[in-house]
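Hi,

Here is the structure I promised to pass on. Have a look at it first, and then read my notes below.

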Amino acid sequence: MLEFALGWSVLIIKAGCTLHIMKAPITDSGTAVRNTMNLNELPDIEQEKETRPKVSIVVPIYNEESLLPSAASDLYEGLQEAGMAFEIILCENGSTDRTLEIANSLADEFDYIRVLPSERPDYGGAIRAGMLATRAPYIFVFDIDYFSVPFLREALASLKEYDAVIASKLAPGAEDNRSLLRRVITQGFNLFLKALFNIKVKETHGMKAFRRKKIMPVIRCTRMAKDLFDTELIIRAERSGLTIKEVPIAIEEKRPTRSSLLKRIPRTVVGLLILRYLLWMEHLVRG
Ligand SMILES: Nc1nc2c(ncn2[C@@H]2O[C@H](COP(=O)(O)OP(=O)(O)O)[C@@H](O)[C@H]2O)c(=O)[nH]1
Ligand SMILES: [Mg+2]
């Protein structure tokens, strides 16, 4: 039975390559991360203990030349007003416009902004590499078109008690002002997640915050890339016993989604089925 399942596992993982599943969990140094980032350019953690930030903000960016300059300075100023030591890690990969050039000049202009570039576009890979490169005890993941300093303050307070905090569009008290189609898709996605993984949290996308120590071992187990990475991260975090708080958020779409929903939905469904299978295999192998 186990051999049969392992045989199928290899086949499915091969098929999953089109969905950019990593064949092996990443190592401590992050070397198996697809699109290996410029981790060497980051300062040595041990040497930098005294100047270590309190908060690391990981921001994936891709073809964002028009939004990046204003959004990055808004975020920077908001964090400065919040009055805590921070770093912003702009994780760029595969942009075909001037995003990387702009990100580099932002890093030159502003202290505490750094850039992690690599070649192939991969939303999940970028976040994963960014999270592994963080130095602060608290890690936040923000999109460049969706972040909130009030959420950061609230989450930081909650991280004293919880291991992770998610800004939720579905928690009681949340306000979702996006299009009807986007809201229906979010509800459907949530039901699908519940049915497949029986998770307690309602939200896996959007803004998130973590205690670094708790989330690092979970990141190292993740296998999915692209837009399934953060869903896998939250599922694994919950299964590993991390305590997760969902805080209701008021969300308004700053811009319509740029990816085709028609392509995204089947890709997500197949990806989640593969993740279900991988988790089942892991469970089987561990006994
Ligand atoms: N590094 C990287 N970032 C990405 C990629 N795709 C999207 N992003 C970033 O991820 C965030 C969310 O992307 P967006 O297009 O707004 O996705 P949506 O809100 O789900 O429609 C933004 O900060 C994007 O710049 C990618 O392939 N690589
Ligand atoms: Mg967006």
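Ile166 has Lys208 in β7 as its bridge partner. That pair belongs to the antiparallel pairing of strand β5 (residues 164-168) with β7, which has three bridges. Helices (H or I, at least four residues) and strands (E, at least two) are DSSP runs, numbered from the N terminus.

Before going further, a word on what you are looking at. This is a predicted model, so local features need pLDDT of at least 70 and side-chain atom pairs count only at pLDDT 80 or more, while totals for chains, interfaces and linings use all residues. Residues are numbered from 1 along each chain as its sequence is written, chains are lettered from A and ligands numbered from 1 in the order in which they are written.

Overall, the protein has nine helices and nine strands. Of its 287 residues, 34% are buried (20 or more other C-beta atoms within 10 Å of the residue's own; exposed is 12 or fewer, partly exposed is in between, and C-beta atoms are placed from the backbone). Contacts here are pairs of residues whose C-beta atoms, placed from the backbone, lie within 7 Å. If you take the contacts between residues at least 6 apart in sequence, 83% join residues at least 24 apart.

Now for strand β2 (residues 86-93). All eight of its eight residues are buried, so β2 is largely enclosed by the rest of the structure. In a regular strand the side chains alternate between the two faces of the sheet. Here both faces are covered: Phe86, Ile88, Leu90 and Glu92 are buried on one side, and Glu87, Ile89, Cys91 and Asn93 on the other.

What does β2 pair with? Strand β1 (residues 55-61) runs parallel to β2 and is joined to it by seven bridges, with Ser56 standing opposite Glu87. Strand β3 (residues 113-118) also pairs with β2 in the parallel sense, over six bridges, and there Ile88 stands opposite Ile113. β1, helix α2 (residues 68-82) and β2 form a right-handed β-α-β unit, and so do β2, helix α3 (residues 99-109) and β3. Right-handed means that, with the strands pointing away from the viewer, the path from the first strand over the helix to the second runs clockwise.

β2 turns up again at ligand 1. The shell there has 18 residues, and Pro60, Tyr62, Pro121, Ala126 and Thr257 come nearest (a residue is near a molecule if its C-beta atom, placed from the backbone, lies within 6 Å of it). Which element gives the most to this shell? That is β2, with three residues; β1, β2 and α4 (123-132) each supply at least two. By type, the shell splits into eight nonpolar, four polar and six charged residues. Ala, Val, Leu, Ile, Met, Phe, Trp, Tyr, Cys and Pro count as nonpolar, Asp, Glu, Lys and Arg as charged, and the others, Gly among them, as polar.

The largest nonpolar core holds 62 residues, and Val58, Val59, Cys91 and Phe140 have the most contacts inside it. Such a core is a set of buried Ala, Val, Leu, Ile, Met, Phe, Trp, Tyr and Cys residues joined through C-beta atoms within 7 Å.

Nine of its eleven residues are buried, so α8 is largely enclosed by the rest of the structure. Its cover includes α4, β5, α6, α7, β8 (244-248) and α9 (261-286). After α8 comes Gly241, with a positive phi near 90 degrees.

Finally, two loop residues. Asn198, between α6 (180-197) and β7 (208-211), has a phi near 50 degrees, positive although the residue is not glycine. Asn198 is exposed, with 10 other C-beta atoms within 10 Å.

Cheers

Notes. Two strands pair if DSSP finds at least two bridges between them. Two residues are in contact if their C-beta atoms, placed from the backbone, lie within 7 Å.
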